[in-house]
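Please read the following points with the sequence and the coordinates open beside them.

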Amino acid sequence: MPLSTYGHSDVGFVRENNEDSFLVDDSKGIFAVADGVGGLPFGNLASRLAVQFYESLIASTDDCSDLESLDAVSHKIHKNIISCGQLVGGENGIGTTFSAIRVIGDRAMFSHVGDSTIFSADESGLKKISKCHTLRDELIEKHGENAALDMPEHYGHTLTRCMGQDIDFEVDLGYIDLVKGMTLLICSDGITNMVPHEEIEDQLRNFNAKEAVTQLVDKANQNGGIDNSTAVCIKVN
């Protein structure tokens, strides 16, 4: 299925380093965004390792053709980052979010850990495919929206799952049926925290992949640029 794709990342106006990384590999049909975990050292290394391991573990378009294989690849990435983190990060190790898409024919698979986001957009509107693995979101899912009323602000940034920390967890996995005119977006929370969903939908609906990504990153910066912002767009032609 023909695709138009583009990825871009920007450090923003506040952070000194860009701890986001992304992957766009049309030849293999693999795409990803990773965001190094704040509060842990070497976030830029952790995110870069995640996308590099993903790219290296899928050698060709025939590799990783089902969810079981994608799950195995995702856990291998996690274990590899743990090993690297023990060498450079000491007892604390390193950590990163990881949100990835694997395109196989007329269907895409996704793998997701952390608080970056995978969206799909079509004529029916914008849909959030992934869940945020934060303490805030998991408490709301368990106890309802009222749980957020007196919740400390930092709960919204406290990850319950990430790649690289020596803790077992499940990777969120699923299929997305690709239809002509559909758009997929993977983005870090530097985008979702700074750009309203309506504006994200507008960009994906009205612009090509490169324009949409560039303008989303620009809008995140225009609205404060308090974090690194990264986006990968996949349009089904």
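1. T96 is found in the loop between α2 (67-88) and β4 (98-104), where helices (H or I, at least four residues) and strands (E, at least two) are DSSP runs numbered from the N terminus. The model is a predicted one, in which local features need pLDDT of at least 70 and side-chain atom pairs count only at pLDDT 80 or more, whereas totals for chains, interfaces and linings use all residues. Residues are numbered from 1 along each chain as its sequence is written, and side-chain values use heavy atoms, with hydrogens and water left out.

2. T96 counts as buried because its relative accessibility is 0%; buried means under 20% relative accessible area, exposed over 50%, and partly exposed in between, with a 1.4 Å probe and protein chains only.

3. Leaving aside neighbours within four places in sequence, T96 is in contact with residues including A34, D35, G36 and V37, as well as C162 and M163, contact meaning heavy atoms within 4.5 Å. A polar atom of the T96 side chain lies 3.3 Å from the backbone oxygen of D35.

4. Strand β6 (residues 117-122) is largely enclosed by the rest of the structure, because five of its six residues are buried.

5. With strand β9 (residues 183-187), β6 pairs in the antiparallel sense over five bridges, two strands being paired if DSSP finds at least two bridges between them. S120 stands opposite L184 in β9, and S120 also stands opposite K127 in β7.

6. The pairing of β6 with strand β7 (residues 125-128) is likewise antiparallel, over four bridges, and these strands form a hairpin with two residues between them.

Notes
Polar contact = N/O pair within 3.5 Å; in protein donor to acceptor, adjacent residues only side chain to side chain.
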